[in-house]
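Here is a short briefing for a reader who is new to this model. Start with the ligand sites, then move on to the domains, the core and the loops.

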Amino acid sequence: MSSQKSIAAIPGDGIGQEVVPEGRRVLQAVSQKHGIDLEFADFDFASADYYQAHGTMLPEDWFDSLRGFDAIFFGAVGWPDVVPDHVSLWGSLLQFRRSFDQYINLRPCRLLPGVKSPLSGYGPGDVDFYVVRENTEGEYSSIGGKMFEGTDREIVVQETVMTRTGVDRVLKFAFDLARSRPNQHLTSATKSNGISITMPYWDERVKVMSEGYPDVVWDQFHIDILTANFVLKPNNFDVVVASNLFGDILSDLGPACTGTIGVAPSANINPEGSFPSLFEPVHGSAPDIAGQGIANPIGQIWSGAMMLDHLGETGASTDVLEAIESVLSSGDASVLTPDLGGRGTTSSLGEAIASTIVSQD
Ligand code: NAD
Ligand code: IPM
Ligand code: MN
């Protein structure tokens, strides 16, 4: 047995509560196979139910309760009928990212075998890139306010914050990632023609950073035309680095180009390991399908694979990805969820992936 890894499980709201158990089922299967000792602890906070009971999203001691874990396995938060989204998200997930300095949000976009892209002419492997999203500052800032409220002169202001440390550290991560990939290509997303202070600053830092990476070919796009290029030429991208808001948008668009956002994973990483990193699907709580048992669990399961990778269990992580690909390739409509064209359920798909792991050589 390798040493024990402690994982905080936070399912959150809606389909978060449906996909997290499938993620755990797969993690359990792969851990058993590889002799990995994953110890889970369950938390009910960061949910609308908790908010209704306590009037707050998190208990006062949440930071100390979570900081000692090796990782956080997170579902999704948001139930706007009960608590406004900005209250629930600023009261939970965004606190985790900031307080645990998870300044990298790594989001792979890959067209997997057996999945049909809505874009014609692309097959498995043709689309395969990472969005590296800045995760603790940028447009997601709480600096601002409202003046002259309720009058015709009402003004609302919210500042974008870019620090040299914050920008340089995400660029360094992205350039390092690009250097490690066969195509060694980095794309930076900004909007420097319109947003005339922060965005040119980001461009300037990209240029400075690129000097340390002569082997990496890099380019930059304004975000508007970049979204067009994601749709028109998704195979042109390798590593795409972006500010918090632009990275958020690109990391829904990218997976949509690869068939469904239901498969997209993410890793909110504190690279220094001073705090736990958090692994969650890109998607949200999906109130429109919650409670039906039809949510695709692959985004959660793949996030589990990213967590294993982060914990140094690369063999187990590869096994999970291979099992996902094998089940998708089978095209078995009785197992696949409706977003993949099937008539299966969250648990039929989770079960199929877990049992593929058990039977893999
Ligand atoms: P969403 O990702 O929850 O849903 C968007 C669409 O994609 C819906 O039609 C949904 O049914 C579908 N979808 C999402 N995940 C799916 C899956 N696994 N399988 C099949 N279909 C899936 O985005 P939204 O509707 O904008 O947000 C709903 C709530 O979730 C809001 O409260 C929002 O703030 C929150 N949210 C949370 C997170 C997070 O916790 N990281 C991320 C995004 C949105
Ligand atoms: C995501 C989500 C969150 C974000 C929301 C729910 C605050 O969309 O993880 O992509 O914008 O970061
Ligand atoms: Mn998002």
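A residue counts as near a molecule if its C-beta atom, placed from the backbone, lies within 6 Å of it. The model is predicted: local features need pLDDT of at least 70, side-chain atom pairs count only at pLDDT 80 or more, and totals for chains, interfaces and linings use all residues. Residues are numbered from 1 along each chain as its sequence is written, while chains are lettered from A and ligands numbered from 1 in the order in which they are written.

**Ligand shells**
- Ligand 1 has 22 residues around it. The closest are Gly78, Gly262, His283, Gly284 and Asn296.
- By class, the ligand 1 shell divides into 11 nonpolar, 7 polar and 4 charged residues.

**Domains**
- The chain is divided into domain 1 (1-103 + 279-361) and domain 2 (128-257). These bounds come from an automatic or database domain assignment.
- The contact between them takes 7 residues from domain 1 and 10 residues from domain 2. Two residues are in contact if their C-beta atoms, placed from the backbone, lie within 7 Å.
- On the domain 1 side, the touching residues are 3 nonpolar, 1 polar and 3 charged.
- The centres of domain 1 and domain 2, taken over C-alpha atoms, are 26 Å apart.
- An unreviewed UniProt entry lists residues 6-353 as "domain: Isopropylmalate dehydrogenase-like". UniProt positions follow the numbering used here, feature names are shortened, and annotations may be inferred rather than shown by experiment.
- Residues 6-353 are 39% helix and 19% strand, with their end C-alpha atoms 23 Å apart. Helices (H or I, at least four residues) and strands (E, at least two) are DSSP runs, numbered from the N terminus.

**Nonpolar core**
- The largest nonpolar core has 101 residues. Ile72, Val132, Val240, Val320 and Ile353 have the most contacts inside it.
- Helix H10 (residues 298-310) gives the largest share of this core, 7 residues.
- Domain 1 and domain 2 each supply at least three residues to this core.
- Such a core is a set of buried Ala, Val, Leu, Ile, Met, Phe, Trp, Tyr and Cys residues joined through C-beta atoms within 7 Å.
- Val320 touches Val26, Val30, Ile301, Gly304, Ala305, Leu308 and Ile357, not counting residues up to four places away in sequence.

**Loops**
- A residue is buried if 20 or more other C-beta atoms lie within 10 Å of its own, exposed if 12 or fewer, and partly exposed in between; C-beta atoms are placed from the backbone.
- Glu149 sits in the loop between strand E6 (144-147) and strand E7 (155-158). Glu149 is exposed because 10 other C-beta atoms lie within 10 Å.
- Phe148 is found in the loop between E6 and E7. Phe148 is not a glycine, yet its phi is positive, about 55°.
- Thr151 is in the loop between E6 and E7, and is exposed, with 8 other C-beta atoms within 10 Å.
- Thr151 and Asn296 are 46 Å apart, C-alpha to C-alpha, and 145 residues apart in sequence.
- Asp101 lies between helix H5 (93-99) and strand E4 (104-110) in a loop. Asp101 is partly exposed, with 17 other C-beta atoms within 10 Å.

Terms used
Nonpolar A, V, L, I, M, F, W, Y, C, P; charged D, E, K, R; others polar.
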